[in-house]
Amino acid sequence: MVDMEHIALLRKKANELPLQPGVYLMRDKDGVIIYIGKAKRLKNRVTSYFRALDSHTPKVLAMVENVKDFDYILTDSEFEALVLESSLIKQHSPKYNILLKDDKGYFYIHITDGPWRRIDWVKSKPPKDGQVIGPYTSSYVVSQTVEQANKIFMLPTCKRQFPQDFCKGRPCLNFHIKQCMGVCTGKIPLEQYNESVDGALRFIKGNSQGLCEQLEEEMAKAAENLEFEKAARLRDRIAAIRRISGQQKVLYAGVDNCDIMAMAIGSDRVGVSVMNYRHERLCDKQDFLLSTDSDPAAVRAQFLMGYYRDNFDLPRQVYLDGECEDGDLIARYLTERAGHKVELVIPQRGQKNQLVELCRSNAAQYLSHRMKASGKEVALLDEVAKLLGLRQSPQYIEAYDISNIGASTIVGGMVAFEGAKPLRSAYRKFTIKSVAGAPDDYASMREMLTRRFERLREAGEKGGEQGFGRRPDLLLIDGGAGHVAAAKEVLDAMGLVIPCFGMVKDDKHRTRAIASDGGEIQISAHKSVFSFITSVQDEVHRYTISFSRKKHRTTSLQLELMNAPGIGEARARALYKHFRTLDKIRAATGEELEAAPGMNKRAANALYEFLHPQTEE
């Protein structure tokens, strides 16, 4: 819990700070620095932590709860504050600054012992047996190199042991698609196999062009000696090496000495991929998991400062997938460290933009792997966040709709989506109670959302986090600007800050756009987002209209039953709940009617006579 008295004292201290650039250091009860930040105006920035706590993100609120005191250092400029902040973060590694959790380490290429050697790669400590090449710092480069070497020289990558497993089963798929020579068949001589392994090692250690020239000499020599099978194998290897090299040249041509950085934003995690290009080739790819819920522009700024803090191989261009906070200051800082100009660029079109999108796909895939979601879902929700201007991708979405059949049946429906998939256990139905007379969609929407978020407040007081106790990341309302305004009226009255948008249909009842308080956002050009929003709108409409029809049938039946003597609203409702349909009630005997909840013999006889009137002769 937040100690509001102590927060008031910290706010008073912060109000005494000057309106000058500087660095602030937040400390916990033990005096340990838990967060370091910079500010153009210290007073404005630091006081923001200790007021309007409800508007803080969960991470910031958790940090504020643990702050017992803070220090500050004045600087002459915002740029000096940036440099000092970077130095202090490196020195103290504060808990609440961005945490980089990556898969970096040292990687080795491992060649096993024995006559039938294998080539694979390992992380961290090299194996004690066999031959080791390394260490390398990039898992991507090592894994790609080993994969290409095994594929070109058709070496086995299965788990079979040789010669123990010769002829103990059918060859695997790799043999049939000519990516493995089929050692398991027992028909490959050991000398030929080791020749292929040696060739793969030369490929790993040397450059492709030099290896091709060497293999061409061996191929010519084999042909002169009438060793046509050997010459054919060498010919195929040369073709495979050139094919892979050619693919790389097509992919990497024209991209010289630059880094590409892109993000995929989850609910409380951010996946970041960095692709390093040197001399027109991809030489490294690194993935990071950031524990943060800050604004994307702030995340990019903090990541860049952390990534290049100990990295002296700075390129001339860093291509980003979006805006970067303090971009000019960071570019100046990197330029001074590199000794040459470093630019931060957001490409809009062409090959650079394509590579940024490729990098973003890698980030989405990495984040999905770490968060156990599909890469398509992560990429879709990330695109939704970018289109709607959200700070992070929405992992839990609620959608609402109102349906009425005349003035007698007005209902609302709520559906939920988790990770872009329907979460049917969270669906809820609402019978609108406060709207009388002519249907009023806006008033009905206000009632439904008020009841929903009152339940959220009650669940929060009890510590619940399921059902109504779960706070949505995004609200989607079936309707236009008027429906959005009604929803935001409820959110504002309850002090809730939740992104809210409308789903607008055209005159043919098809999804057309997203409505916001500032107008409409066209989504037809964004195919994946358009399909997703359409599915959400269709689902909430289906769920709500089915409830409305069922409710209307129930109401009509109850009204008809209430015409019978001795049958009031309570008995009519109980009868419907027990028998479900009018046909079953009509088919029931007097004894069955009497046995129904809330009935007695007199009421049952009266109802039976009402349903089976006697005709006069």
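Arg542 and Glu539 form a salt bridge whose closest N and O atoms are 2.9 Å apart, a salt bridge being a side-chain nitrogen of Lys or Arg within 4 Å of a carboxyl oxygen of Asp or Glu. Because they are three residues apart in helix 16 (residues 527-561), about one helical turn separates the two; helices here are DSSP runs of H or I with at least four residues, strands are E runs of at least two, and both are numbered from the N terminus. Arg542 is partly exposed at 40% relative accessibility, whereas Glu539 is buried at 12% (buried: under 20% relative accessible area; exposed: over 50%; partly exposed: in between; 1.4 Å probe, protein chains only).

The model is a predicted one, in which local features need pLDDT of at least 70 and side-chain atom pairs count only at pLDDT 80 or more, while totals for chains, interfaces and linings use all residues. Residues are numbered from 1 along each chain as its sequence is written, and side-chain values use heavy atoms, leaving out hydrogens and water.

In total, 18 salt bridges are counted. One of them joins Lys13 and Asp69 at 2.7 Å, N to O. This pair links distant parts of the chain, with Lys13 in helix 1 (residues 4-14) and Asp69 in strand 3 (residues 69-74), 56 residues apart. Lys13 is partly exposed, with a relative accessible area of 30%, and Asp69 is partly exposed at 32%.

Turning to the cysteines, the structure holds zero disulfides, a disulfide being a pair of cysteine sulfur atoms within 2.5 Å. For Cys158, the nearest cysteine sulfur is that of Cys172, 5.5 Å away.
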